[in-house]
Amino acid sequence: GETYRIVTSAFLHDGLVHLGFNMMALWILGSSIEQLFGRPRFVALYAVSIPGVAVGLLMLDPVTPAVGASGSVFGLFGAVAVTQRAQGINVWQSGLGVVLGLNLLITFAVPQISIGGHLGGLAAGTALTVGLVPLARARSAEWVPIVAAVVMSAMLYAGCVWAASQWLDPVF
């Protein structure tokens, strides 16, 4: 019944090192995305990635607690990859493919890192950006992608609430 955790877990961290790495990644990727899309679309993209993380967690690790912004940062990775691809830029030549690949390797190799959270954020950020690229090319009004992001966020959030209600509590 604590549905607020779908969002608040993205703002909690397991120590200063965890917080530092996430904020550094957010600063580097976030600056690029904000320049490309503008602040409202960047915020919308990040906001969609948060419930995307929760969906990934519920699908792969429903009983494992998770905290941090890294899943949402993976959503930004997905957005940059889609944007580069749409511009005809090879993600391997730009270096993004290597950085994303290393981060995925770390995700799968290091215990205590949320595989579901990272993959859920990556999927949500990628999916939204795939939808945003045609809107940007069509020069749609500023509010159109924001509304699309709000709708996608609401659907992911509702999906999380529904999915969580379907699982039995394994602790009891």
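This is a predicted model: local features need pLDDT of at least 70, side-chain atom pairs count only at pLDDT 80 or more; totals for chains, interfaces and linings use all residues.
Which side chains meet in a salt bridge? Select Glu34 and Arg39: their side chains form this contact, with 2.6 Å from N to O. The term salt bridge denotes a side-chain nitrogen of Lys or Arg within 4 Å of a carboxyl oxygen of Asp or Glu. A search of the whole structure finds one salt bridge.

Residues are numbered from 1 along each chain as its sequence is written, and side-chain values use heavy atoms, with hydrogens and water left out.

**The two partners of the salt bridge**

Remain with Glu34 and Arg39 and display their surfaces. Glu34 is partly exposed, with a relative accessible area of 26%, whereas Arg39 counts as exposed at 57%. In these terms, buried means under 20% relative accessible area, exposed means over 50%, and partly exposed lies in between, with a 1.4 Å probe and protein chains only.

**A nonpolar patch**

Next, select Val17, Phe21, Met24, Trp27 and Ile28, which make a nonpolar surface patch of about 610 Å². Patches consist of residues with over 30% relative accessible area and no salt bridge; like charges are joined within 9 Å, and nonpolar side chains (Val, Leu, Ile, Met, Phe, Trp, Tyr) within 5 Å. The areas come from the Shrake-Rupley method with a 1.4 Å probe, and for residues only the protein chains shown count as cover. Phe21 is located in helix H2 (residues 16–37). Helices are DSSP runs (H or I, at least four residues), numbered from the N terminus. Is Phe21 exposed or buried? Its relative accessibility is 55%, so Phe21 counts as exposed.

**Two pairs of helices**

Two packed helices are described by the angle between their axes and the distance between the axes. Select helix H3 (residues 39–60) together with helix H8 (residues 143–166): their axes come within 9 Å and cross at roughly 15°. H3 is therefore roughly parallel to H8. Axes are lines fitted to C-alpha atoms, for helices over the stretch in contact, and angles run from 0 to 180 degrees between N-to-C directions. Angles under 35 degrees count as roughly parallel, over 145 as roughly antiparallel, 65 to 115 as roughly perpendicular and the rest as oblique.

Now turn to helix H4 (residues 70–86) and helix H6 (residues 96–109). The axes of H4 and H6 come within 11 Å and cross at roughly 150°. H4 is therefore roughly antiparallel to H6. Within H4, select Leu76; this residue is buried, with a relative accessible area of 0%. The C-alpha atoms of Leu76 and Ser114 are separated by 17 Å, and the two residues are 38 apart along the chain.

**A loop and a proline**

Proceed to Gln112, in the loop between H6 and helix H7 (115–137). Most residues other than glycine have a negative phi. Gln112 is not a glycine, yet it has a positive phi of about 75°. At 83% relative accessibility, Gln112 counts as exposed.

Finally, select Pro134 in helix H7. Pro134 is partly exposed, with a relative accessible area of 47%. From Pro134 to Phe42 the distance is 16 Å, C-alpha to C-alpha, although 92 residues separate them in sequence.

How values were computed. Helices (H or I, at least four residues) and strands (E, at least two) are DSSP runs, numbered from the N terminus.
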